[in-house]
Amino acid sequence: MLTKRVIPCLDVRNGRVTKGVKFKNNVDLGDPVEMAVKYSEGGADELVFYDITASAEGRPIDIGMVAAVAKAVRIPFAVGGGIRTVEDMERVILAGAEKISVNSLAVKDPAIIAAGARAFGAQCVVLGMDPVKSPRCPSGYEITTRGFREFTGMDAVEWAKRAADLGAGEIVVNSVDADGTRAGFELTVTRLVAEAVGVPVVASGGAGTPEHLVTVFREAKADAAIVAGMIHTGDYTIAEIKSVMAQRGVPTRLSF
């Protein structure tokens with residue numbers, strides 16, 4: 001049985017890690033490279049970095065930060081934000097990242113998914129999606145873009161299926177409703193997407209306790225889970241999270 005991955009998320013703005021609730025009221029948490037090293041050495045399976053204002057500000061991602069992280073850690077990491085072209089993807093990969101995450105860009109130009117998969121392999125292309133509960137869509141969840149600034153009218157499950165068909169090798173389901181609340185993952189939309197696609201699905205938004213990860217793995221069929229606030233604040237370590245997972249029978253990599 002494949003192990004379930006625990007992935008710390010570092011939202012970066014102006015070269016610093018930040019965290020908010022439902023994409024608002026962000027506070028400064030520290031240096032991204034230092035935090036990456038801490039989590040890498042603490043048992044993280046992967047890392048993910050989002051330059052959370054790059055797309056909205058119309059600027060490229062901070063390649064210097066990507067290169068610095070690549071030199072400092074020995075686990076895979078994904079990068080998103082400010083990626084607009086295949087050339088941007090190439091720069092990120094050459095700087096040392098293993099995966100590129102596209103979100104708003106993919107909604108605007110779905111062909112970027114196929115182009116990235118052709119150029120670098122599907123395993124390098126991650127679709128990030130920000131669904132919110134909505135009665136306008138058949139699944140009950142609508143895709144938003146630009147950090148929850150725009151509602152698209154797109155059904156979350158249908159978009160996930162289309163992205164996988166285009167070549168996305170992984171899909172991150174970041175619930176806007178649960179983001180930063182630490183009240184638990186949004187299980188329904190995660191399960192709907194996981195059941196609809198044949199690629200790994202990563203649950204994101206709402207992790208607050210190790211039991212929340214156990215639940216999303218068992219009940220929503222997620223392959224990995226992103227954690228942020230619960231570890232950034234020091235309430236839990238990755239080792240503690242994985243210990244609970246192991247005790248509850250969830251397969252995980254114990255290397256600490």
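This is a predicted model: local features need pLDDT of at least 70, side-chain atom pairs count only at pLDDT 80 or more; totals for chains, interfaces and linings use all residues.

User: Which residues of H4 and H6 meet, and how do they divide into nonpolar, polar and charged?

Analyst: From H4 come Val86, Met89, Glu90 and Ile93, and these meet Ile112, Ala115, Gly116, Ala119 and Phe120 of H6. The residues of this contact divide into seven nonpolar, one polar and one charged. Glu counts as charged, and Gly is placed among the polar residues; the charged member is therefore Glu90 and the polar one Gly116.

User: What makes H1 and H3 roughly parallel to each other?

Analyst: The axes of helix H1 (residues 32-41) and helix H3 (residues 63-72) cross at roughly 30 degrees and come within 9 Å. An angle under 35 degrees counts as roughly parallel, so this description applies to H1 and H3. H1 passes H3 in a right-handed crossing. Pro32, Val33, Ala36 and Val37 of H1 make the contact with Met65, Ala68, Val69 and Ala72 of H3. The residues of this contact divide into eight nonpolar, no polar and no charged.

User: How many residues has the largest nonpolar core, and which have the most contacts inside it?

Analyst: This core has 69 residues, and Ile113, Val193 and Leu213 are those with the most contacts inside it. Its largest share, six residues, comes from helix H7 (residues 156-166). Apart from this core lies another, of 10 residues, including Ile7, Val48, Val126 and Val172. In soluble globular proteins, nonpolar side chains tend to be buried together.

User: What does Ile113 touch, not counting residues up to four places away in sequence?

Analyst: Ile113 touches Val102, Ala106, Val125, Leu127, Trp159, Ala163, Leu166, Gly167 and Ala168.

User: Why does Ile171 count as buried?

Analyst: Ile171 has a relative accessibility of 0%. Buried means under 20%, and Ile171 therefore counts as buried. Its place is in strand S10 (residues 170-174). Leaving aside neighbours within four places in sequence, Ile171 is in contact with residues including Leu127, Met129, Ala160, Val193 and Val197. Ile171 and Ala194 are 23 residues apart in sequence, and their C-alpha atoms are 8.9 Å apart in space.

User: How do you know that Arg182 and Lys221 are partly exposed?

Analyst: Partly exposed lies between buried, under 20%, and exposed, over 50%. Arg182 has 29% relative accessibility, and so counts as partly exposed. Lys221 has a relative accessible area of 45%, and therefore falls under the term as well.

User: Where do Arg182 and Lys221 lie, and what is the phi of each?

Analyst: Arg182 is found in the loop between S10 and helix H8 (187-196), and its phi is near 60 degrees. Lys221 lies in the loop between helix H9 (210-219) and strand S12 (224-227), with a phi near 65 degrees. Each is a positive value in a residue other than glycine. Most residues other than glycine have a negative phi.

Terms used. Residues are numbered from 1 along each chain as its sequence is written. Side-chain values use heavy atoms; hydrogens and water are left out. Contact means heavy atoms within 4.5 Å. Helices (H or I, at least four residues) and strands (E, at least two) are DSSP runs, numbered from the N terminus. A nonpolar core is a set of buried Ala, Val, Leu, Ile, Met, Phe, Trp, Tyr and Cys residues joined through side-chain atoms within 4.5 Å. Buried means under 20% relative accessible area, exposed over 50%, partly exposed in between (1.4 Å probe, protein chains only). Axes are lines fitted to C-alpha atoms, for helices over the stretch in contact, and angles run from 0 to 180 degrees between N-to-C directions. Angles under 35 degrees count as roughly parallel, over 145 as roughly antiparallel, 65 to 115 as roughly perpendicular and the rest as oblique. A crossing is left-handed if the near helix is turned anticlockwise from the far one by less than a right angle, and right-handed if clockwise.
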